[in-house]
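Biologist: Could you walk me through a few loop residues, one step at a time?
Modeller: Happy to! Let's look at the model together.

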Amino acid sequence: MPEMEVLRLDGSSLTVAALSQAAKKGLTVELAPAGLEAMAQSHALVGQVIRDRVPVYGVTTGLGARATEVLSADALAEFSVQTLRGRAHAVGPEEDPEIIRAGLIVRLNTMLKGHSAARPEVAQHIAACLNAGLTPVAGQTGSIGAADLVLNATAGLSLIGEGRMRDAKGRIGSSADLMAAHGIEPLKLAPRDGLALANHSGATGGMAALAVSAAACAFEAAQTAAALSMEGFRANCGPLQPHVLMVKPYPGQLQAAEGLRRRLAGSKLLEPGQARRLQDPLSFRNIAQIHGTAGMALVRAVECVELEINSSSDNPAAFAASSEITSCGAYFTAEITSAAETLSRALVPLAMAQLARISKLLNPDFSGLQNFLAMPDSASNGFAPVMKPAEALVAELTHAAQPVPVWPSVNANGVEDCLTGSPAAVKALARIAGHLQRLTAIELLVACQAVELRTQAGGLGGFLAQACADIREISPALKEDRPLGEDIERLAAAVTDSQFAAPSRQADGIR
């Protein structure tokens, strides 16, 4: 996507791609005036229910098991602050600042829907901190996917000056001191503001957007690596032809095959009689079927996450038009768990096929090339040892794809008796995307060497010729044994930066 200097939030149009870019690059955030006005209108309801002593969860009553207790006027004065202090219990290693920023951007966007009943000043304060390069510091663990209460409260405590923050130079310090250094006053909370900072699923939504974005980059590059492997193997392109695929026209398969044909455009491999075999191994013959399944799972995940990050996850939800504040279940992220696990599972066969293609290219009985793609008259063992990290990546990827166990929760004396496990599912997807990026880097290296060794291969099309040039910019041809770990990591970073994406990602069904 094109470079952006400003991310404009309006509560409705945030995309996975834009959120990922903003969280990683620290773009300036702007808030739509209409969204701030919607916040002001819903917050006016808070004063009304307090004056009328109407029981409203988290506004005039306690939380969790104490939801039936109506708070006194004196208690309400400190309730917002106590809401954060009493729930800021995130533990474990420090969360990646990109993930914290993504979660806060999601919260800003969803606040602009006008259902949080928080003051506009809360959103403006979060935006001011983000725009100053300040990111709350919090541990990674604390959410079970039924509102990210503990994670959000830990970050929220920083916003009122009682936690820690990291500045744009990576320095960590007291949030009060760092905000003061940037001319920002700690946020003063009013009734409802504390719960609005804590009781939502923004952390999961932001984390999911980053994981899905990483998976999309890995999928695009995997398509390119597969096409390059087809060139190196001199594979049969017949299974990619539209009329052949129409015997079972799954949309994902049609889109994946179209993406592969675009990558192969201009290649002699598409001409009749260029294939070496009548029928290739399944890892070549069924790329469209394998990648099509993963592509459809990716499309569903993008749609699911984009609905999440453009919707309110507040409980209770305020409705200014009807003057009501009502308890609801919008914070429950079961759809995120389902989409993340479906995508994780769909990426396993894709990775297995990558491993199979790499092994076939290294085996002269299948490839017709030098053993392990070693250069002729070389003492090198070629890429043989690289199969070990490749298989290790697949083993870890497959392990991470196991479903998250779900059990009846025992929280809040049994009041909160269900959970979704979304954070665990999303973290697993993020790990899978990282492993897939490295595995794809290995396939790119191996396939590029195979293409170069096959002197009778003829000319590549323009896209794959450029892909080979990009690979060689990062990693020269393997002529003698040398360490390849850093080359693989640099290639994986290029995958993350979409360097090996198709000319038009839209045609592969990815936004």
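Biologist: In which loop is the place of Ala147?
Modeller: Keep in mind that this is a predicted model. Strand S5 covers 139-141 and helix H6 covers 149-159. Ala147 has its place in the loop between S5 and H6.

Biologist: Is Ala147 buried or exposed?
Modeller: Buried means under 20% relative accessible area. Ala147 has a relative accessible area of 6%, so this residue counts as buried.

Biologist: What is the phi of Ala147?
Modeller: Ala147 is not a glycine, yet its phi is positive. The value is about 75°.

Biologist: Let's move on to Arg192. What is its phi?
Modeller: Arg192 is in the loop between helix H7 (175-181) and helix H8 (193-198). This residue is buried, with a relative accessible area of 2%. Although Arg192 is not a glycine, it has a positive phi of about 85°.

Biologist: Which side chain makes a polar contact of 2.5 Å with the side chain of Asp314?
Modeller: Asp314 sits in the loop between helix H13 (287-309) and strand S8 (317-319). Its relative accessible area is 0%, so Asp314 is buried. The contact at 2.5 Å is with the side chain of Arg107.

Biologist: Is the peptide bond from Asn315 to Pro316 cis or trans?
Modeller: Pro316 belongs to the loop between H13 and S8. For the bond from Asn315 to Pro316, omega is near 0°. That peptide bond is cis.

Notes. Residues are numbered from 1 along each chain as its sequence is written. This is a predicted model: local features need pLDDT of at least 70, side-chain atom pairs count only at pLDDT 80 or more; totals for chains, interfaces and linings use all residues. Side-chain values use heavy atoms; hydrogens and water are left out. Helices (H or I, at least four residues) and strands (E, at least two) are DSSP runs, numbered from the N terminus. Buried means under 20% relative accessible area, exposed over 50%, partly exposed in between (1.4 Å probe, protein chains only). A polar contact is a pair of N or O atoms within 3.5 Å; within protein, one must be able to donate a hydrogen and the other to accept it, and residues adjacent in sequence count only if both atoms are side-chain atoms.
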